[in-house]
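Let's take a walk through this fold together.

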Amino acid sequence: KGIYPMSDGWVPPCYPTEQELMEHEEKMNARKKATLVKRHLCVKEPQLEQLAKREFAQKSEYSMMVYPIAEGEYSGEGDDRSYYVVVFYEPTKKSKVERAFKSAGLALADYEQVVVDPDSKQAPEGKFMWAHGEGEAGEVILSEYEFQ
């Protein structure tokens, strides 16, 4: 177990009871991890503005990791700014996600679909699998770092 209760029986007042800890563990064990697929693509600023809206992503049932591309040969300023995007979704939602991207002017079907490893050690992939398993698709994570 943990360090509580201490040898003299003391526990912090805010520390959960044994019953609360057991309930939390049961809840965590009951969670489902969704099977996801992903696609890698590049988008421009106007397309990203539409696709990164949380309500739009939730409605279309996908999640995304977004990496800005540094200004240079592959990315410009303003509407010419480019982003490297990894889109995650459940295979059963494929047509819904493809329609969403088509509405932004992107043919998602042109990009290779790759199965996400269920034992992936990449934090965002794990986070997305748990979120989609609980019916909470629609998260967009924008990286603070730029690709060169």
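What follows goes from the sheet to the helices on it, and then to a few side chains.

Keep in mind that this is a predicted model. Start with the sheet: five strands make up an open sheet with mixed pairing, and their order is S4-S1-S3-S2-S5. At the edges you'll find strand S4 (114-115) and strand S5 (140-142), each of which pairs on one side only. Strands of a sheet pair through backbone hydrogen bonds, and they can do so in parallel or antiparallel fashion.

Now go across the sheet pair by pair. S4 and strand S1 (residues 37-44) are antiparallel, with two bridges between them. Valine 37 is a handy landmark here, with valine 115 in S4 as its bridge partner. On the next step, S1 and S3 run antiparallel and are joined by eight bridges.

Helix H5 (residues 123-133) lies across S1, S2, S3 and S5, and it runs at about 155° to S2. Its buried residues are Glu125, Gly126, Phe128, Met129, Ala131 and His132. Their cover includes S1, S2, S3 and S5. Just past the end of H5, look at the backbone of glycine 135, which has a positive phi of about 75°.

Histidine 132 is worth a stop. This residue of helix H5 has a relative accessibility of 4%, so it counts as buried. What does histidine 132 touch, not counting residues up to four places away in sequence? The set is Ala34, Leu36, Glu61, Tyr62, Ser63, Phe88, Tyr89, Glu90 and Ala137.

With a relative accessible area of 23%, isoleucine 141 is partly exposed; the cut-off for buried is under 20%. Leaving aside neighbours within four places in sequence, isoleucine 141 is in contact with Met64, Met65, Val66, Pro124, Lys127 and Phe128. For a sense of distance, the C-alpha atoms of isoleucine 141 and valine 86 are 10.0 Å apart, while the two residues are 55 apart along the chain.

On to the charged pairs. Side chains of opposite charge can pair when their charged atoms come close. How many salt bridges does the structure hold? There are six. One of them is between arginine 39 and glutamate 98, with 3.4 Å between the closest N and O atoms. Arginine 39 belongs to strand S1 and glutamate 98 to helix H4, so this pair ties together parts that are 59 residues apart in sequence. Are these two residues buried or exposed? Both arginine 39 and glutamate 98 are buried.

Lysine 93 and glutamate 61 also meet through their side chains in a salt bridge, at 3.2 Å from N to O. Lysine 93 is in the loop between S3 and H4, and glutamate 61 is in the loop between helix H3 (54-60) and S2, so the link spans 32 residues in sequence. Lysine 93 is partly exposed at 23% relative accessible area, and glutamate 61 counts as partly exposed at 21%. Glu61 and Lys93 are linked with Lys96 in a network of salt bridges.

Another salt bridge joins the side chains of glutamate 139 and lysine 127, at 3.0 Å from N to O. Glutamate 139 lies in the loop between H5 and S5, whereas lysine 127 lies in helix H5, so the pair ties together parts that are 12 residues apart in sequence. Lysine 127 counts as partly exposed, with 43% relative accessibility.

Finish at the surface. Ile3, Met6 and Trp10 make a nonpolar surface patch of about 340 Å². Isoleucine 3 is in the segment before helix H1 (18-30). At 61% relative accessibility, isoleucine 3 counts as exposed, given that the cut-off is over 50%.

Key: Residues are numbered from 1 along each chain as its sequence is written. This is a predicted model: local features need pLDDT of at least 70, side-chain atom pairs count only at pLDDT 80 or more; totals for chains, interfaces and linings use all residues. Side-chain values use heavy atoms; hydrogens and water are left out. Two strands pair if DSSP finds at least two bridges between them. Contact means heavy atoms within 4.5 Å. Axes are lines fitted to C-alpha atoms, for helices over the stretch in contact, and angles run from 0 to 180 degrees between N-to-C directions. Patches are made of residues with over 30% relative accessible area and no salt bridge: like charges are joined within 9 Å, nonpolar side chains (Val, Leu, Ile, Met, Phe, Trp, Tyr) within 5 Å. Accessible areas come from the Shrake-Rupley method with a 1.4 Å probe; for residues, only the protein chains shown count as cover. A salt bridge is a side-chain nitrogen of Lys or Arg within 4 Å of a carboxyl oxygen of Asp or Glu. Buried means under 20% relative accessible area, exposed over 50%, partly exposed in between (1.4 Å probe, protein chains only).
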